[in-house]
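Trainee: I have just opened this entry and would like to go through it with you. Could we begin with the strands?
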Amino acid sequence: SGRKLGYGVAPLEEWNPREGIYEQSSQQVWDACGAAVRESLVAAGVKGDSVVGIGFDATCSMVLLGDDDVPVTVSESGEDRRNIVEWRDHRAQDQARRIN
């Protein structure tokens, strides 16, 4: 019928080590998606095998993955789990100015 029966939300950790730098974890994003879907099913009072469609929304960000889709760090911290450069990150501003 196209009616929304339930929805779910799951928080994400975000790192902002200094001004203009914003990072997240792709593993956390997918874990949060699973948690939100499970919460949606409970809220709707339905079982997963009865679902014919779901909606998903995310902002545009860059995810770095290496061999075998293993996260690769974008962070000065060196933590591989911090492998997303968020849409509002400005670390490449100087390079963009030089290119343009």
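Trainee: In which sense do β1 and β3 pair, and over how many bridges?
Mentor: This is a predicted model. In it, β1 and strand β3, residues 84–85, pair in the antiparallel sense over two bridges. The bridge partner of E23 in β3 is V85.
Trainee: What holds strands of a sheet together in general?
Mentor: Strands of a sheet pair through backbone hydrogen bonds, either parallel or antiparallel.
Trainee: What is the order of the strands in the open sheet?
Mentor: The order is β1-β3-β2, with antiparallel pairing. β1 (23–24) and β2 (62–63) stand at the edges with a single partner strand each, so one side of each has no neighbour in the sheet.
Trainee: And how do the elements run from the N terminus on?
Mentor: They run β-α-β-β-α, which gives two helices and three strands in the protein.
Trainee: Changing topic, what is the radius of gyration of the protein?
Mentor: The protein has 17 Å, whereas a compact globule of 100 residues would have a value near 13 Å. The C-alpha trace spans about 50 × 30 × 25 Å along its principal axes.
Trainee: What share of the residues is buried?
Mentor: Buried residues make up 20% of the 100 residues. The protein exposes about 7,600 Å², and carbon and sulfur atoms supply 53% of that area.
Trainee: Last one: how far apart are the mean positions of the positive and negative charges?
Mentor: They are 6 Å apart, for 11 positive and 17 negative charges.

Technical notes. Residues numbered from 1 in each chain as written. Predicted model: local features only at pLDDT ≥ 70, side-chain atom pairs only at ≥ 80, totals over all residues. Heavy atoms only, no water. Helix = DSSP H or I, 4+ residues; strand = E, 2+ residues; numbered from the N terminus. Rg over C-alpha atoms; globule rule 2.2 N^0.38 Å. Buried < 20%, exposed > 50% of the residue type's maximum accessible area, 1.4 Å probe, protein only. Areas by Shrake-Rupley, 256 points an atom, 1.4 Å probe, with all protein chains shown as cover. Lys, Arg positive; Asp, Glu negative; His and termini not counted. Charge placed at Lys NZ, Arg CZ, Asp CG, Glu CD. Pairing = 2+ DSSP bridges.
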